[in-house]
Amino acid sequence: MKKKVSLHVKCPHCRKSLMDNEVLLHDYPSIKLNIVTPEDRGVVHLCSLYECFDHQSSLDTEKGTVVDFYCPKCNKELLVKEECQLCNAPMVNFVLKVGGRVAICSRHGCSNHYVAFQDITSELSKFYHEFDA
Ligand SMILES: [Zn+2]
Ligand SMILES: [Zn+2]
């Protein structure tokens with residue numbers, strides 16, 4: 001079985017933690033973000049597990065909608081100048097506590113919710129190290 005790695009992410013602007021210890025997904029703290037769609041605004045909790053795409057949203061967003069993500073602490077937008085390779089929607093960027101970064105696609109329903117490390121091997125081994133400690 002693959003080892004579960006819970007990612008601890010921070011806002012790239014204010015460097016505050018985006019983790020929500022009160023809302024657990026798969027028994028791990030979730031990543032809390034404010035979201036804005038063309039119709040409404042709300043809050044989303046993303047699963048923090050590496051390679052898990054589960055999430056809980058206060059909005060019933062239609063598939064295919066591009067969602068704007070904001071830091072709940074400083075209210076700055078988390079979009080980056082980078083496009084999803086699958087659907088060309090803007091990517092959303094977080095900073096990892098241990099270094100490196102995470103990017104997810106802002107289009108609801110796109111499967112390109114991926115985690116990008118500058119150097120995947122060394123970053124992952126750091127995770128496993130932290131996890132074992
Ligand atoms: Zn922030
Ligand atoms: Zn996409």
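Okay, let's start with asparagine 34, which sits in strand S3, residues 28-36. Strands here are DSSP E runs of at least two residues, helices are H or I runs of at least four, and both are numbered from the N terminus. Residues are numbered from 1 along each chain as written, with chains lettered from A and ligands numbered from 1 in written order. Keep in mind that this is a predicted model: local features need pLDDT of at least 70, side-chain atom pairs count only at pLDDT 80 or more, and totals for chains, interfaces and linings use all residues.

So, buried or exposed? Asparagine 34 is partly exposed, because it has 18 C-beta neighbours inside 10 Å; buried takes 20 or more other C-betas within 10 Å, exposed means 12 or fewer, and partly exposed is in between, with C-betas placed from the backbone.

Beyond four places in sequence, asparagine 34 is in contact with Val43, Tyr70 and Pro72, where contact means backbone-placed C-betas within 7 Å.

Zooming out, the protein has 1 helix and 9 strands, and the order along the sequence is β-β-β-β-β-β-β-β-β-α. Of its 133 residues, 26% are buried.

Now the largest nonpolar core: 21 residues, with Val9, Leu18, Leu33, Phe69 and Leu78 having the most contacts inside it. S3, S6 (68-70), S8 (90-96) and S9 (101-105) each supply at least two of this core's residues. By nonpolar core I mean buried Ala, Val, Leu, Ile, Met, Phe, Trp, Tyr and Cys residues joined through C-betas within 7 Å.

Last one, leucine 78: past four places in sequence, its contacts include Phe69, Val92 and Phe94.

Note on methods. Two residues are in contact if their C-beta atoms, placed from the backbone, lie within 7 Å.
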